[in-house]
Amino acid sequence: MKITLRVWRQKNRNAKGEMVRYEVDNVSTDMSFLEMLDVLNERLTLEGQEPVAFDHDCREGICGACGVVINGVAHGPETTTTCQLHMRSFSDGDVIDVEPWRAKAFPVIKDLVVDRGAFDRIIQAGGYISAPTGTAPDAHATPVAKKDADRAFDAATCIGCGACVAACPNASAMLFTAAKVTHLGTLPQGQPERSARVVQMVNQHDEEEFGGCTNIGECAAVCPKGIPLDTISELNQDLLGALANGELS
Amino acid sequence: MSELYIEGDPIRDEKAPKGPIENRWDQRRFSAKLVNPANRRKLSVIVVGTGLAGASAAATLGEAGYHVTSFCYQDSPRRAHSIAAQGGINAAKNYRNDGDSIYRLFYDTVKGGDFRSRESNVYRLAQVSVEIIDQCVAQGVPFAREYGGLLDNRSFGGVQVSRTFYARGQTGQQLLIGAYQALERQVAAGTVDMNTRHEMLELIVVDGRARGVVVRDMVTGEIETHLADAVVLASGGYGNVFFLSTNAMGCNVTASWRAHRKGALFANPCYTQIHPTCIPVSGDYQSKLTLMSESLRNDGRIWVPKETGDSRDPRQIPEEERDYYLERIYPSFGNLVPRDIASRAAKNVCDEGRGVGPGGLGVYLDFADAIKRMGRPAVEAKYGNLFDMYQRITGENPYEVPMRIYPAVHYTMGGLWVDYDLQSTIPGLFVTGEANFSDHGANRLGASALMQGLADGYFVLPNTINDYLANGPFDPIDEERPEVSEAVSAVRDRIDTLLSINGTRTVDSFHRELGHIMWDYCGMERNEEGLRKAIDSIRELRAEFWQNVKVTGTNEELNQALEKAGRVADFFELAELMCIDALHRRESCGGHFRSESQTEDGEALRHDDDFAYVGAWEFTGAGQQPVLHKEALEYEYVEMKQRSYK
């Protein structure tokens, strides 16, 4: 099939960007969206034009590197990562707009590539359990109820792609933050640092200039890993508890 | 063959302790020098790569108080390709009371590696495996649990006990997130400087010691020098030399290869693992292959039609006209034979014309019986995410129609040669995880890569590196020294050359062609004629690459074509060495199958008298004959015999 793309091209962080139109012929329905961009890039290179820069790596939906806004929706029409979106989701003659994540906290580096370093800094602020190597007791020392282990796992499947931020009208990273708070806070190992963790992570979230959460839920709607929206309730509960206990340092 | 390589002096692993095998690791830890905590902060270590082996090492060294500088090419350390490992991680916990022990894990791993790994290393790996699980649970890794709250286990190929710990089909992700969080904790503590979107392009060796790296900032193009007392490479495997593999698009051999060019020996490059259960290729545009976890073989049954050319819908083929060939040929291990055996069996039935799907390059992995036995919800709970992934990629529903699978390149057992301390032949250069060669021999068992990466990074390296660092801090290095400036200009010259060729072919088109050569002649089955042909073709293609590649843009920007071009250039040199290694090893062992060396029923036939050694290669110049150094392998505990999974 034949597709028309309108792709955001931006030379670097400080340059002004614009949408540029490209026609792509002979698109197979079995191609992934990124393979379709590969085909475009091969052609652009041979024509002496700069290929479109986009982040991607594992191409199996788990590393979280890829992610573009497709026709206004983060990761496009299916609830999955951009690399796992296939061209069978489109029709011959479609016009597809392709843009980077747009958020103040995610500055564009080039074309469709953005800087998501803010996510790492939120984790640095407290998204861990302090367990230096070699200090652990036997793994069976503390049983964990299966429902807690499952709940923690569901939250822990976040791949840090940033679609939640791109989808949120406030550009809030609350789902990302809440996923980590819930993952660690649901497990017995995570209890000692539970209050400090949520306060520090939320502070860092705000410092990075992500917007506030107003419970719209667009984040969970586009999340390729199905992180539940109620993790945000859990975060709020933990945060209120921590503040009531005077954990705000 | 002497025109292809030169045989040099044998080498030995001088660090491996002697004595009873169960005491060797204790003995080495005791004999290794220690570094006083107050002195550690004066010592610096560079760690390249943030997968399981790199992130765990950087975090642990940071916790110990060393000053660590860490690099990854991704935009976050959490994205390293360990994240994609699905099935699980082995540990000899014997939580199932099914007869497992450290000795049995050791034995299974040595046998699974087809007697081409070191006994001392493998025993240590099995010992350390139990500590890894404890460590990961303490970090909050949400392993699968049973209703009583205890950890669940499953079985994997090549073994008859249940020792694999898992987190649904995302074990690698959960383990890596655990290591990543430990790493970020050290970043916050100020012990680790993290540099994302930085790619190592050269090793700096001064007075015979590894003292630093040259890296490119992939956003600005700036070429930076970083100096330290020791360098750790945890930069992963080289499966992408085949173009199509289950590796991430960015996985590359450059860090290892640059070290190899500076004097680090490269061991057993021909040992590559072809994973039996991947989604088959669907077209020329294909950019990568997706693995379907080996754990699926616990419940899925593999079959092809008995008759060639049977193109009926699989559901219409009656039971008696199906050949469950693994169950037939290997009744005691059935669908759970090791990966090398399962892959070759799939290739054989396809070569007979009984393959299924487009091009006849596929076999069925069928869950109909499992769904009947366990019910669909149980199958969903166990494998749901894998089934979804399959459906997304192929557009077929595996709950209704059997999956189609075919082998694909997955893991590389070869890598930089290291001693028991994980130190390469360049003093001060340590290599961990898939980037080294040490523990898997000629074939890696499932769920052992995660075990090895974390064993190296959390427990082995942080102990052994002390012995080296205790002699430091080494003399400070002036950035003006010739060894440093030469390394920087080598990097700049290469980039300038790549950008100035301005030919007519894209980097990908060269990479794809190289991959075809490797898959056809240095893939699942190899022979002398094919390998010689491959070497000639690689040389021709490499020459064309340096005259006709087209790389657009400049160095001073994010330039993905330039990144790829540098990596493919190194793959060309590696590919030739792989073929030479495969050619010189006139035996079959594990993942290396020479058609000239097989038993009557087509199994790999080793020649222990001639080839029970590690082949460690020395670089002598691009296109020059490499020098082979042999490290003899001795088996004191496990009797070398023909592997049998029948």
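Reader: Before we start, how are things numbered, and what limits apply to the model?

Author: Residues count from 1 along each chain as its sequence is written, while chains are lettered from A and ligands numbered from 1 in the order in which they are written. The model is predicted, so local features need pLDDT of at least 70 and side-chain atom pairs count only at pLDDT 80 or more, whereas totals for chains, interfaces and linings use all residues.

Reader: Let's take chain A. How many helices and strands does it have?

Author: Helices (H or I, at least four residues) and strands (E, at least two) are DSSP runs, numbered from the N terminus. Chain A has 8 helices and 7 strands, and its C-alpha trace spans about 60 × 35 × 35 Å along the principal axes.

Reader: What share of chain A is buried?

Author: A residue is buried if 20 or more other C-beta atoms lie within 10 Å of its own, exposed if 12 or fewer, and partly exposed in between, with C-beta atoms placed from the backbone. Of the 249 residues in chain A, 54% are buried.

Reader: How is chain A divided into domains?

Author: Domain bounds come from an automatic or database domain assignment. Here, domain 1 of chain A covers 3-110, and domain 2 covers 116-132 + 142-244. Their C-alpha centres lie 28 Å apart. Two residues are in contact if their C-beta atoms, placed from the backbone, lie within 7 Å; the contact between these domains takes 18 residues from domain 1 and 16 residues from domain 2.

Reader: And which elements of chain A face chain B?

Author: The size of an interface is often given as the accessible area lost when the parts come together. Here we can count residues instead: the contact takes 66 from chain A and 64 from chain B. Helix 1 (33-46), strand 6 (108-110), helix 2 (117-124), helix 3 (146-156) and helix 5 (174-186) of chain A each supply at least two residues to that side. Helix 1 of chain A gives the most, with 6 residues.

By class, Ala, Val, Leu, Ile, Met, Phe, Trp, Tyr, Cys and Pro count as nonpolar, Asp, Glu, Lys and Arg as charged, and the others, Gly among them, as polar. The side of chain A that touches chain B has 30 nonpolar, 21 polar and 15 charged residues.

Reader: Turning to chain B, what span should helix 16 have?

Author: The expected span of a helix is 1.5 Å times one less than its number of residues. Helix 16 (residues 560-584) of chain B has 25 residues and should span 36 Å; its end C-alpha atoms are 36 Å apart, which agrees. Helix 16 of chain B is also mostly covered, as 23 of its 25 residues are buried.

Reader: In what order do the strands of the open sheet in chain B run?

Author: Two strands pair if DSSP finds at least two bridges between them. The 5 strands of this sheet run in the order 12-16-15-13-14, with antiparallel pairing. Strand 12 (272-278) and strand 14 (322-323) of chain B are the edges, each pairing on one side only. Strand 15 (residues 363-366) and strand 16 (residues 403-412) of chain B pair over 3 bridges, and Leu365(B) has Met403(B) as its bridge partner in strand 16.

Reader: Which residues does Tyr390(B) contact beyond its neighbours within four places in sequence?

Author: They are Ile279(B), Met292(B), Pro398(B) and Met403(B). Tyr390(B) lies in helix 11 (residues 376-394) of chain B and is buried, with 23 other C-beta atoms within 10 Å. Tyr390(B) and Ile279(B) are 111 residues apart in sequence, yet 7.5 Å apart in space, C-alpha to C-alpha.
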